[in-house]
Amino acid sequence: MAELPRDTFGRPLASLRLSVTDRCNLRCRYCMPEDEYVWLPRTSILTFEEIARLTGAFAELGVHKVRLTGGEPLLRHDLSTLVTMIARNTRVDDLAMTTNGLLLGKHAAALRSAGLERVTVSLDTLRPERMLAFAKSARHADVLEGIAAARQAGFASLKLNSVVIRGFNDDELVDLIEFARGHEAEVRFIEYMDVGGATRWSQDQVVSQREMLEVLARRYGPIEPLAGDNRAPAERFRLADGTTFGIIASVTAPFCRTCDRSRITADGTWFLCLYAARGIDLREPLRRGVPDEELASLIRETWQGRTDRGAEERLGVTDRVALYRIDSLRADPHREMHTRGG
Ligand code: SAM
């Protein structure tokens, strides 16, 4: 068997985020704050068969972790069928999904039976009125129902993602830890990132990992960093009572050096970095019917040329402001986080 590809920094091709739709049923202020969006044309959206073929090609080259995302992945009709198709691939040993949870109550059991192993639910606030103001949705109860359904369905692990924003939810760190503990879940606090879509981003709204740890230490006492998988985006910590949590410090302490993940949009554009200006069109060769070897060579050679370290480069920017203004997001919706998949 040929050697598995590594990029110019020696990083393997190991983890793939598959955005199955660019549509979302929330309008979070840090991701989709505008009134109108340009969507990917429907005819460009990959079929399940096309997604499964691509996943297979990536798996042959070393990808063993696959995460379904979006947009909101549960807006894609019959997602369990795609899960079944990917789960059949024995090279994929970790199949997960990130969701806002609104539709999870309805689908959790079927997804679990189809072979989905892990679920991450985005939960930024425990206060329904804050969700209404921040994500333009009155469906906080549906998210909680989704979390309960995920627990009942017996996923291997349940994580909660909370983007921490100064002046919005930075006073809920302790409440979110307590909520996660009560629901046998682990919370991951995410620093507010200046990705495409975050047109209202500013540095002063970012609550850094250091600040989060200070707040939590004031309430819980000493916090112990946990050694672990240094390719995972979250650094994990333990409180004195054994409760664990994570922090994804993509703004103040980026993890580009070990980043082994890339993203495919719902229309088959492959991005080697969340911050990459351009992606590689995989839909065209796929629909042209290229043989497996040709698809594999394209993926292999592209990965071997990867030089991206987008979050680290952003660290060097002085007077850092939002990455894109709305006009450039409208000119190319692939720049949007909800298209790329978080
Ligand atoms: N709709 C699904 C969800 O809400 O989890 C999946 C897609 S969403 C883009 C994936 C993750 O990206 C979510 O956890 C979301 O909070 C995170 N995200 C979006 N914009 C972000 C930003 N500006 N900074 C940090 N995280 C962000």
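Tutor: Let us begin with a polar contact. In this predicted model, a polar atom in the side chain of E172 lies 2.8 Å from the backbone nitrogen of L126. A further polar contact, also given as 2.8 Å, joins the side chains of E172 and R130.

Student: Where is E172 placed, and is E172 buried or exposed?

Tutor: One compares the relative accessible area with a cut-off: buried means under 20%. E172 has a relative accessible area of 0%, so it counts as buried. Its place is in the loop between strand 5 and helix 6. Leaving aside neighbours within four places in sequence, E172 is in contact with T125, L126, R127 and R130.

Student: Which residues does D124 touch?

Tutor: Not counting residues up to four places away in sequence, D124 touches Y30, N161, S162, V163, F168, N169 and L176. The side chain of D124 also reaches the backbone nitrogen of V163, at 3.0 Å. D124 lies in the loop between strand 4 (118–122) and helix 4 (128–135). Its relative accessibility is 11%, and therefore D124 counts as buried.

Student: How does one read the surroundings of the ligand?

Tutor: Of the 20 residues around the ligand, Y30, G71, E72, S122 and M193 come nearest. A backbone N or O atom of Y30 lies 3.0 Å from a nitrogen atom of the ligand, and a backbone N or O atom of M193 is 2.9 Å from a ligand nitrogen atom. For S122, an N or O atom in the side chain is 2.6 Å from an oxygen atom of the ligand.

Student: How much of the ligand does the protein bury?

Tutor: Taken alone, the ligand exposes 550 Å², of which the protein buries 94%.

Student: Which residues of helix 7 are buried?

Tutor: In helix 7, the buried residues are Q209, M212, L213, L216 and Y220. They cover an arc of only 95° around the axis, which means that they are on the same side of helix 7. The face turned away from this buried side carries the exposed residues R210 and R218.

Student: What do the buried residues of helix 7 pack against?

Tutor: They pack against strand 5 (157–164), helix 6 (173–182), strand 6 (186–191), strand 8 (235–238) and strand 9 (244–248). As for its length, helix 7 (residues 209–220) has 12 residues and reaches 16 Å from first C-alpha to last, close to the 16 Å expected. G221 follows helix 7 and has a positive phi, near 85°.

Student: What covers the buried residues of helix 6?

Tutor: The cover includes helix 5 (140–153), strand 5, strand 6, helix 7 and strand 9. The buried residues of helix 6 are L173, V174, L176, I177, F179 and A180. Just after helix 6, E184 takes a positive phi of about 50°.

Methods. Residues are numbered from 1 along each chain as its sequence is written. This is a predicted model: local features need pLDDT of at least 70, side-chain atom pairs count only at pLDDT 80 or more; totals for chains, interfaces and linings use all residues. Side-chain values use heavy atoms; hydrogens and water are left out. Helices (H or I, at least four residues) and strands (E, at least two) are DSSP runs, numbered from the N terminus. The expected span of a helix is 1.5 Å times one less than its number of residues. Buried means under 20% relative accessible area, exposed over 50%, partly exposed in between (1.4 Å probe, protein chains only). The arc is that of the directions from the helix axis to the C-beta atoms. Contact means heavy atoms within 4.5 Å. A residue is near a molecule or strand if one of its heavy atoms lies within 4 Å of it. A polar contact is a pair of N or O atoms within 3.5 Å; within protein, one must be able to donate a hydrogen and the other to accept it, and residues adjacent in sequence count only if both atoms are side-chain atoms. Accessible areas come from the Shrake-Rupley method with a 1.4 Å probe; for residues, only the protein chains shown count as cover.
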